[in-house]
Amino acid sequence: MCGIVGYTGANPVKPRLIEGLKRLEYRGYDSAGVAMQQDGGLTLVHRVGKVAELEEALSSFDDSSTCGIGHTRWATHGAPSEANAHPHSSCQGDIAIVHNGIIENFAELREELLSRGHVFTSQTDTEVVAHLIEEAYDGREGDACKGDLMKALRHAVGRIVGAYGIAAVCAQEPGRIVVTRKDSPIVLAYGEEGAYVASDIIAVIEASRDVAVLEDGQFADMTPEGISYFDAAGNAIEPPIMHVDWDIDVAEKGGYPDFMLKEIHEQPRVVRDTLAGRLSGGSLVIDELGLSLEELNLIDRVYVIACGTSYHAGLIAKHLIEMWARIPTEVEVASEFRYRNPIVTPSTLVVAVSQSGETADTLAAIRDARIKGAKVFGITNVVGSPVARESDGVIYTKANKEIAVASTKSFLGQVVSLTLLAMLLAQSKGKLTLGQIRLLYSELADTAEQIEEILSDTTAVEEAARACKDAASALFIGRGVGSAICYEGALKLKEISYLHAEAYAAGEMKHGPIALLDEGFPVIVVATQSPVYDKVISNIQESKARGAMVVAIATEGDQEIAKHADHVIYIPKVRDAFSPITASVPLQLFAREIAVLRGCDVDQPRNLAKSVTVE
Ligand code: F6R
């Protein structure tokens, strides 16, 4: 949720930290700070707000420092403030650290450190680590760690319980940054200009496309000359180097006013890339799942576990898996699944869906399911992420890096991946013939072009958004798979425009939500061609009868709907099973347009962070 960056080399660190923090800002953005080695000491600068505020504050500092660490924060312990912004330093101010994650035993450690005379300047859990390193470094814990930053860091992490990615610098060790992690990502790269560390590849790939992914319990020792790696026991290791093949332009807006719009427009490519190579010899292949068709055939229950938007992709999957493979499927938010005692057996398949691959609740649910003997498939966008590593098999969504906090292209990649999984399960159960699979695959592939068509003319979406922008609240309704699309449409709208929105299965209207409707109340209806189309029309009529303003997402050529709805957004005709892929796109555009009209920060909505690594 927060971002770590660090550099040591021959060049000025300040612009490198700022550049790295800007690239990481999407992960958390309530405050930011840096610690730079300078004139034999450490210079710490913190600012509340966006990285631009920090950049402004740093403009009066010279470029003499060539080693430092930086952080962009999303508050967990302690409100966003300069005092709580990272880096945090020791009492003497000669050791500074940045930390992602949560120190679970920080309260006990803080008491202990206070009793030994340490003075705390923040309310964060992180600060205890700086003081623990300080004690070890200055010899209060004996000579073993004295004067050695790496040993002192080892000592400190031996005392803490929780999740962490940590980078530390010390005034007495010029040019050195020491790093470790547990359950929080850290990557390192060594390029022509020196050594880089970050919590996300996006902050280092300009330096080098070859990055090392630190594993839990490992340490890295960075100097301008190179990076050395050690395992938990202190033995030197050579971590595998991962080559990053996506382009740095994912971190640029590429002419679009915001990342969200850019990412919405990338969706045809996401569909194509996610499908590429999946049909071989006339049947579906997803080798990365590591299970044969015979093993898949034994599955008798599916749980899809996820949070937020990924959970909505799961709702769509339930429809498809039950329709095609006839396997009972439950969709559950990961934070609930992990704390109840779900019925899981060795023939249960748990599908964990997570864009970031590092959502704490989803990871905990995966671990729980595996202990109970289930097979776990991960569906994620991030190669080598914890969800990918802790699952028995994985499907990558091929969305590439998603920067806007509101998920769009990742969601679409998840839906396409889950559609493939549903087809594969049906194939393994013999519920779909190879001929049917081929037909479905070909229609699925056509959705890429259909999305392009939707994106080529957005006039109707813009008109509908203008009509709804001043509303206080909106209702999204649909039936069948259309109701799942509505949940996602409502979430998109509320998270980026702060307009209150709720989604309901349209049949539920009369059981409560209809009481909300009055003159001009926006009701957004997914009314594409489906077996329940007529029922949806009745729901539109009920809404109109109460004065609501109806915006309908409908199938091209449907003249009837224009008689009932105030605004119609037409999309190409697809089979009902694939309507989530196409119908979600105008809803994403609708939410974004309203957010823009309301003057909201589309890419970085308030209070949110891109990856939620805490419970
Ligand atoms: C909303 C959004 C969130 C995430 C949720 C789960 O646009 O992106 O609701 O879907 O926080 O995150 P992941 O998919 O990374 O597990």
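Student: Which residues does Ala503 touch, not counting residues up to four places away in sequence?

Tutor: Ala503 touches Phe476, Cys486, Tyr487 and Ala490 once residues up to four places away in sequence are set aside; contact here means heavy atoms within 4.5 Å. This is a predicted model, in which local features need pLDDT of at least 70 and side-chain atom pairs count only at pLDDT 80 or more, while totals for chains, interfaces and linings use all residues. Residues are numbered from 1 along each chain as its sequence is written, and side-chain values use heavy atoms, with hydrogens and water left out.

Ala503 belongs to strand 24 (residues 500-505). Helices (H or I, at least four residues) and strands (E, at least two) are DSSP runs, numbered from the N terminus. Ala503 counts as buried because its relative accessibility is 13%; buried means under 20% relative accessible area, exposed over 50%, and partly exposed in between (1.4 Å probe, protein chains only).

The axes of helix 9 (residues 308-325) and helix 16 (residues 481-497) come within 8 Å and cross at roughly 175°. Axes are lines fitted to C-alpha atoms, for helices over the stretch in contact, and angles run from 0 to 180 degrees between N-to-C directions. The crossing angle therefore makes helix 9 roughly antiparallel to helix 16; angles under 35 degrees count as roughly parallel, over 145 as roughly antiparallel, 65 to 115 as roughly perpendicular and the rest as oblique. Ala, Val, Leu, Ile, Met, Phe, Trp, Tyr, Cys and Pro count as nonpolar, Asp, Glu, Lys and Arg as charged, and the others, Gly among them, as polar.

Another helix pair is formed by helix 1 (residues 13-24) and helix 2 (residues 51-58), whose axes are 10 Å apart and pack at an angle of about 170°. These two helices are therefore roughly antiparallel to each other. Lys14, Ile18, Leu21 and Lys22 in helix 1 meet Val51, Leu54, Glu55 and Leu58 in helix 2. The classes in this contact are five nonpolar, no polar and three charged residues.

Helix 5 (residues 149-159) has Leu149, Met150, Ala152, Leu153, Ala156 and Val157 as its buried residues. They lie on the same side of helix 5, because they cover an arc of only 160° around the axis, the arc being that of the directions from the helix axis to the C-beta atoms. Among the elements covering them are helix 4 (127-137), strand 7 (162-170) and strand 8 (177-182).

Ser410, in helix 13 (residues 409-428), is buried, with a relative accessible area of 1%. Beyond residues up to four places away in sequence, Ser410 touches Gln355, Asn381, Ala399 and Glu402. Gln588 lies in helix 18 (residues 579-597) and, at 2% relative accessibility, also counts as buried. Leaving aside neighbours within four places in sequence, Gln588 is in contact with Met260, Ile264, Gln267, Thr408 and Phe411.
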